[in-house]
Amino acid sequence: MALDATTVTAAGPAAAPPRTGVTLHRIARRRSTIAFLMALPLIAVIAGLVAWPAGYAIYLSTLNRRMTSFIGLDNFQILLESETFRMVIWQSCIFAISAVVLKALLGFWLAHMLHHIPTKGQRIWRGLLLLPWVVPPALSTLGWWWMFDPSYSSLNWLLNAVGAPSVPWLGEPGWARASVIIVNVWAGTPFFMIMYLAALKSVPDQLYEAAAIDGATGWQGLRYVTLPMMRNIISITVLFSLIVTFANYDIVRVLTNGGPRDLTHVFASYAFQVGVLSGNIPRGAAVSLFMFPLLAVVAFFILRGVNQRNREMA
Amino acid sequence: MAGNRIGRRGMLRSGAGVVAAGALGAPMVHAQGTGGTVRIAFWDHWVPGGNDALKQLCAKWGEQNRVNVQLDFINTTGNQLQLTAAAQAQSRNGHDAISLTPWDVGAYADQLEPVDDVIERLIGKYGPINPIAEYLAKHGGKWRGVPATSGTQTKPACVRYDLFEQHAGIDIRAMWPAEGKPGPGADAWNWDTFLKAAEACHKANVPFGLPMGQFSDAVDWVGALFLSYGAQITDEKGNPTIKGNDKLKQVLDYAVRLSKFLPNDVWAWDDASNNRALISGRSALVFNPPSAWAVAKRDAPQVAEKCWTVPMPAGPAGRFLAYLPFTTGVWAFGKNKAATKALLEFLGQRESAEFTTNTSGGYDIPPFASMADFPVWTTQGPPPGTIYNYPLKPHHQAKYSIAYSPAPAELASQMYVQALNTKVIARVAQGGESADQAMGWLEREINNMRRG
């Protein structure tokens with residue numbers, strides 16, 4: 001067994017004054033030092049790819065348009081006074097919440113359906129249902145855009161074929177918002193499905209057997225066995241998806257470019273338009289930073305719930 | 001030739017290179033690279049083969065001047081070119097020069113090398129540069145880029161002359177023939193006539209394909225419409241001129257009436273939607289460069305042979321033609337500025353500009369009015385002369401325009417990208433707001449953009 005670093009240090013000074021090489025050797029043998037060294041690559045990655053960009057974005061958001069002087073929180077104040085930006089906040093919330101709720105419900109339903117298919121036949125369905133999640137979103141959204149195309153929509157062609165009128169998928173605000181949500185739900189549901197399927201498989205069969213002996217119906221089994229056992233995975237999945245959906249960019253960019261009349265913009269698409277395309281990088285940074293407090297509050301409550309349940313189970 | 005000038009240091013470097021190569025007994029490869037290297041990022045032309053002109057011209061100039069010229073062609077799909085410029089400006093590193101989209105010259109003006117000497121020599125040879133190119137490229141009294149020919153476009157009306165004659169009773173080819181004078185009825189080619197024709201074509205199920213969304217085709221034609229009514233939404237200093245602006249109210253009213261005769265989904269159209277409307281034969285008119293016609297020539301020749309390009313209609317304040325130029329900016333942090341400027345001057349020569357325009361099939365518009373007479377615009381067809389009126393010609397009695405001028409570039413670029421002009425129309429026509437409510441919103445948006 002390796003000597004503990006403290007033991008070595010306690011024994012050392014009485015024998016002889018420590019030499020530099022020996023001290024370094026001792027430091028290197030400390031568990032905390034080794035742990036730190038081993039974690040260093042990860043720390044470097046987080047510092048370089050997370051902390052630095054985040055810090056730089058905060059710094060940028062405090063500059064004027066020409067990035068020549070510090071203006072404090074003025075960019076945030078200006079944004080909050082803008083009708084368009086207030087609408088973007090509202091829209092981002094509608095988009096993210098409705099899309100995540102729909103993805104969670106559909107994913108849960110699909111996971112249940114898959115769970116009850118025999119293992120042999122399950123694989124092919126699992127593979128097929130995962131496809132929307134695997135295809136790069138920019139490409140699949142382009143496919144959806146062709147289906148929604150204002151003038152040559154294939155969906156409208158099908159509707160017309162059965163005598164139904166054309167739908168202005170991208171031209172009318174309500175439909176445009178729905179279209180953006182539909183595509184996000186289509187692309188994101190498989191993630192929920194696969195997570196929930198894994199969770200379902202981990203619920204011990206004995207619990208269902210015990211519930212059945214107690215006379216529980218299928219619904220009661222779902223309500224009192226399945227859902228409590230899946231609560232943590234549901235929470236984590238919802239949190240993860242909420243973050244990704246809030247930050248979604250490609251679907252809005254490809255389908256509507258934020259239109260009509262900015263009524264489908266979300267934080268990321270609006271930040272790109274204001275920051276990069278309009279040449280106001282500090283304000284664009286401020287737009288993107290608005291996501292942070294909203295998501296931090298949600299993350300706090302969801303993770304607190306997860307921790308509480310973990311403690312209860314322990 | 002002025003275009004072949006190389007700085008004193010460049011010449012010394014070339015000489016030193018030759019001497020060193022001789023002393024070392026190293027093989028000389030055409031003396032390429034002895035005058036240094038110039039790296040330029042040009043816009044990736046969407047006309048097939050459109051980049052060839054620049055490749056050939058740069059190779060020729062490089063050989064003549066013993067400069068190694070490296071070209072990158074970056075497209076604007078996904079805003080790659082704009083992102084590249086932003087990244088290079090931030091990092092102060094990259095190409096020696098880069099094609100800049102209209103408003104980016106203003107955005108990076110303080111990082112771009114003044115090119116007044118180049119412009120002065122070009123103006124001395126070819127006369128004045130068009131005022132919109134100057135408005136976009138000149139900042140703080142200095143030219144911060146050389147207006148380019150490659151990629152620069154205008155957006156006149158591309159008309160299906162058969163449908164126009166059949167449904168609107170207008171012989172557009174007689175009105176605007178392929179010759180240097182207007183035909184009978186050209187003076188009546190105004191927005192009122194246009195509205196009547198739009199209504200007639202709408203009834204005939206071949207509505208005009210005019211986008212009203214947030215992409216540049218929409219913003220550009222609406223910008224020209226606003227200017228032709230004298231409806232400016234800010235002054236030169238960027239102060240909103242919206243309150244009590246009767247001209248703005250008038251043009252808003254006109255645009256709302258016109259929108260009723262357009263396809264009901266134009267609010268979501270992008271820059272390709274109008275092209276498709278024309279090419280598919282479902283539209284009698286679009287505002288576009290000849291790219292839509294060129295694609296029709298390949299994919300739907302029966303449509304292309306019925307297309308005729310004419311100037312935009314006139315309004316109470318005159319006739320304006322939407323103009324969207326590229327400008328090549330020389331980065332102040334570039335490593336070979338003298339040679340880069342010399343190359344850009346070479347590309348600005350009439351012969352170079354004509355070669356570029358010819359290679360693009362007439363798509364590219366040079367910045368000098370004196371160059372609006374290239375034969376390519378007369379000879380292209382079918383039908384012969386179909387794009388004769390594509391560049392602005394004196395008998396059009398028109399001016400080049402860009403939406404939101406004369407606002408300061410840093411404000412105009414925000415208004416342009418955020419398509420305030422089409423949105424203010426949409427708020428009334430689609431959103432059901434009153435003109436006063438929509439104009440109030442417009443003023444608040446502009447004031448917000450000016451802050452910070």
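## Domain layout

In this predicted model, the C-alpha centres of domain 1 and domain 2 of chain A lie 42 Å apart. Domain 1 covers residues 5–60 of chain A, and domain 2 covers 78–313. These bounds come from an automatic or database domain assignment.

Residues are numbered from 1 along each chain as its sequence is written, and chains are lettered from A, ligands numbered from 1, in the order in which they are written. As the model is predicted, local features need pLDDT of at least 70 and side-chain atom pairs count only at pLDDT 80 or more, while totals for chains, interfaces and linings use all residues.

## Annotated regions

The UniProt record, an unreviewed entry, annotates residues 89–302 of chain A as "domain: ABC transmembrane type-1". UniProt positions follow the numbering used here, feature names are shortened, and annotations may be inferred rather than shown by experiment. Over 89–302 of chain A, the chain is 79% helix and 0% strand. The end C-alpha atoms of that span are 21 Å apart.

UniProt also places "transmembrane region" (unreviewed entry) at several spans of chain A, including 34–59 and 88–112. Residues 34–59 of chain A are 100% helix and 0% strand, with end C-alpha atoms 34 Å apart. Residues 88–112 of chain A are also 100% helix and 0% strand. Their end C-alpha atoms are 36 Å apart.

## Contact with chain B

In chain A, 30 residues are in contact with 33 residues of chain B (C-beta atoms, placed from the backbone, within 7 Å). Helices H4 (74–80), H5 (83–115) and H13 (267–277) of chain A each supply at least two residues of this side. Helices are DSSP runs (H or I, at least four residues), as are strands (E, at least two), numbered from the N terminus.

The chain A side comprises 10 nonpolar, 14 polar and 6 charged residues. Ala, Val, Leu, Ile, Met, Phe, Trp, Tyr, Cys and Pro count as nonpolar, Asp, Glu, Lys and Arg as charged, and the others, Gly among them, as polar.

How values were computed
Contact = placed C-beta atoms within 7 Å.
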